[in-house]
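Please read it alongside the sequence and the coordinates.

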Amino acid sequence: PPPPAHPPATPPPNICVVYARQGSKRFRDAGCTDLQNADLRGAHLRQLNLDGVNLRGALLDFATLEYASLRNANCERAQMSWTKLAGADLSGAVLSRASLVRADLEGTDLSD
């Protein structure tokens with residue numbers, strides 16, 4: 001009989017998601033620019049530089065993004081309910097169809 005089939009190996013986690021979840025400065029050093037549909041619910045991303053990052057459809061509910069920089073980030077359709085965005089810079093960010101229910105936006109820059 002043929003040898004037993006081995007289950008497929010689990011793909012390595014997206015290193016950019018890992019770095020983002022850790023709030024690691026290595027996030028930018030790794031050239032991370034695409035977190036589309038990433039699951040970052042409850043992640044601590046305080047003061048992380050996410051300028052120009054694609055966060056389209058990302059799950060950011062209950063995440064901490066206080067004082068983070070998301071200038072010109074694509075946050076279209078991102079789920080950001082109950083997210084802490086106090087003091088964050090979202091200037092130029094695309095927020096169309098994003099959910100910001102109960103998000104803390106105190107001191108957040110939402111300018112174009």
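## Terms and basis

A residue counts as buried under 20% relative accessible area, as exposed over 50%, and as partly exposed in between, using a 1.4 Å probe and protein chains only. Accessible areas come from the Shrake-Rupley method with a 1.4 Å probe, and for residues only the protein chains shown count as cover.

The model is predicted, so local features need pLDDT of at least 70 and side-chain atom pairs count only at pLDDT 80 or more, while totals for chains, interfaces and linings use all residues. Residues are numbered from 1 along each chain as its sequence is written, and side-chain values use heavy atoms, with hydrogens and water left out.

## The chain overall

The chain contains 2 helices and 0 strands. Both terms refer to DSSP runs, numbered from the N terminus: helices are H or I with at least four residues, strands are E with at least two.

Of the 112 residues, 41% count as buried. The accessible surface of the chain is about 6600 Å², and carbon and sulfur atoms hold 52% of that area. A contact means heavy atoms within 4.5 Å. Among contacts between residues at least 6 apart in sequence, 4% join residues at least 24 apart.

A salt bridge is a side-chain nitrogen of Lys or Arg within 4 Å of a carboxyl oxygen of Asp or Glu. The count by this rule is 5 salt bridges. One of them joins Asp 51 to Arg 71, with the closest N and O atoms 2.8 Å apart. This pair links distant parts of the chain, 20 residues apart: Asp 51 is in the segment after helix H2 (26-29), and Arg 71 is in the segment after H2.

Arg 71 also forms a salt bridge with Asp 89, where the closest N and O atoms are 3.6 Å apart. Here the two residues, each in the segment after H2, are 18 residues apart. Arg 71 is partly exposed, with 37% relative accessibility.

## The pair Glu 76 and Arg 56

Another salt bridge joins Glu 76 and Arg 56, the closest N and O atoms being 3.4 Å apart. Glu 76 and Arg 56 each lie in the segment after H2, so the pair ties together parts that are 20 residues apart in sequence. Arg 56 has a relative accessible area of 27% and is partly exposed.
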